[in-house]
Structures are given as structure tokens and as C-alpha cells.
Amino acid sequence: MEKVKMYIFSKLTASKQTNEVHEYAKAHNLEIVELEKVFTYSKKDYVEAAARGRIIHNDYAIIYARFSSNNQNEISITGQLDACFAHCEKYNIKVKCIYVDMAQTAKFDNRVAFQRLNADVLEEYHNGCRMLVYANNRFARNRADSVLYRGFYERFGIVFDSVTEICPRGQDG
């Protein structure tokens, strides 16, 4: 059986969060892929690709987890992943891939793992699935980016879902 990949980007070299995530991956038999660069697709690329659309297949999920900094009292990456895995188990959804940004603000979309996720969607790797986040603010704090990327995912047949909050669909999202 193929290991689930966990794409990780962290500005932190050695921190409690970094160590916890690596231990979590080891305990859950996840393959860690360290990310170093930002992908070069523009928002225009995403809008144009979304116009082409895709087919819906929601039997698997991709997970995105993020925290801003060690100075904030946010739920840990491992706590976010536990909640997302529990949700997948409850609804019999297979986890395909995980993307993690550590010490990254969601005010902007230039987060490395987030951009890798979007590049994978654009390149049809996650052609129609379910994207899970612990909470909507883990995904984006900038309303314009949230609307843009969620619309992009919807056009590709990707259902965006939070395991702790209701996610409006369509124009309300």
C-alpha cells in the first residue's frame, strides 16, 4: 500500500511544532516531503484553469493544516490532523495527501505548502476530491483569496470542507 505523502514547509528549523509533526508522521506511517520553494502559478492561471472545470470523485481527501507562529495559542498541527483523520474515518474517506505550512500567516497566499497544493490541483493530481481543513481560518484569512481559491477548487469538482465549521457553498463561500 502506497504511503500518504505529507508535504511540509516550515520557517522553523527546530521547534516543538516541527518535532511533533515529524513524530506524528512517523507514528502514522506518513511519507514526509520537505518543501523549499514557492510554485510559480499566478492567480490568473488558477482562474483560467477553473474555467475548464473537472469531474467529481469525492471518495478521497486532501488535508491542509497550518499554524501562524509559536507565539500564538492555536490548535497544533497534530491536533488539526487528528480531527481531519477522525472525520475521514467517520465518513469512510481515504486520505490521499497532506499539506502543512508551519509559521505561515494566512493573510497572504504565498505559503509554500498551500502553493504546492494549488499546483497539484492545477496539474490534475487531485482531480475531484474533498479538501479538508480543521477550521476555515487555517485555509485563508484574506476574504478575496478565500473566495478565489474555493471557487477554483469547486470548478475542479473539489468539495472544500472544515471539520469544525459549516462551509457555505457557491457564491456564499
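Which residue of strand 4 is the bridge partner of Ile-8? The partner is Val-100, and this pairing belongs to a predicted model in which local features need pLDDT of at least 70, side-chain atom pairs count only at pLDDT 80 or more, and totals for chains, interfaces and linings use all residues. Residues are numbered from 1 along each chain as its sequence is written, and side-chain values use heavy atoms, with hydrogens and water left out. The protein chain comprises six helices and six strands, where helices (H or I, at least four residues) and strands (E, at least two) are DSSP runs numbered from the N terminus. From the N terminus on, the order of elements is β-α-β-α-β-α-β-α-β-α-α-β.

- Six strands form an open sheet in the order 2-1-4-3-5-6, with parallel pairing; two strands pair if DSSP finds at least two bridges between them.
- Strand 2 (31-34) and strand 6 (159-162) are the edge strands, each pairing on one side only.
- Neighbouring strands of the sheet are turned by 20 degrees against each other on average, direction ignored.
- Strand 1 (residues 5-10) runs parallel to strand 4 (residues 94-102), and six bridges join the two.

**Helices on the sheet**

- Helix 1 (residues 16-27) packs on the sheet and touches strand 1, strand 2, strand 3 (60-67) and strand 4, contact meaning heavy atoms within 4.5 Å.
- The direction of helix 1 makes about 170 degrees with that of strand 1; axes are lines fitted to C-alpha atoms, for helices over the stretch in contact, and angles run from 0 to 180 degrees between N-to-C directions.
- Helix 4 (residues 112-122) lies across strand 1, strand 3, strand 4 and strand 5 (130-133), at about 145 degrees to strand 4.

**Burial and nonpolar cores**

- Of the 173 residues in the protein chain, 50% are buried (buried means under 20% relative accessible area, exposed over 50%, partly exposed in between, with a 1.4 Å probe and protein chains only).
- The largest nonpolar core has 25 residues, and those with the most contacts inside it are Tyr-99, Leu-117, Met-131, Phe-139 and Tyr-153; such a core is a set of buried Ala, Val, Leu, Ile, Met, Phe, Trp, Tyr and Cys residues joined through side-chain atoms within 4.5 Å.
- At least two residues of this core come from each of strand 1, strand 3, strand 4, helix 4, strand 5 and helix 6 (143-155), and helix 4 gives the largest share, six residues.
- Leaving aside neighbours within four places in sequence, Leu-117 contacts Ile-62, Tyr-64, Tyr-99, Met-131 and Tyr-153.
- A second, separate core has 21 residues, including Val-21, Ala-25, Ala-61 and Val-95.

**Aromatic rings and charges**

- The count of aromatic pairs is three (rings of Phe, Tyr and Trp, the last by its six-membered ring, pair if their centres lie within 6.5 Å; planes under 30 degrees apart count as stacked, over 60 as edge-to-face and the rest as tilted).
- The pair of Tyr-24 and Phe-85 is tilted, because the ring centres are 6.5 Å apart and the planes stand at 40 degrees.
- Tyr-24 lies in helix 1 and Phe-85 in helix 3 (residues 77-90), so this pair ties together parts 61 residues apart in sequence.
- Tyr-24 is buried at 7% relative accessible area, whereas Phe-85 is partly exposed at 21%.
- Phe-114 and Tyr-149 form an edge-to-face pair, with 5.0 Å centre to centre and 80 degrees between the planes; both residues are buried.
- The charged end of Arg-111 sits over the ring of Phe-114, 4.2 Å from its centre (NZ of Lys or CZ of Arg within 6 Å of the ring centre and within 35 degrees of the ring normal).
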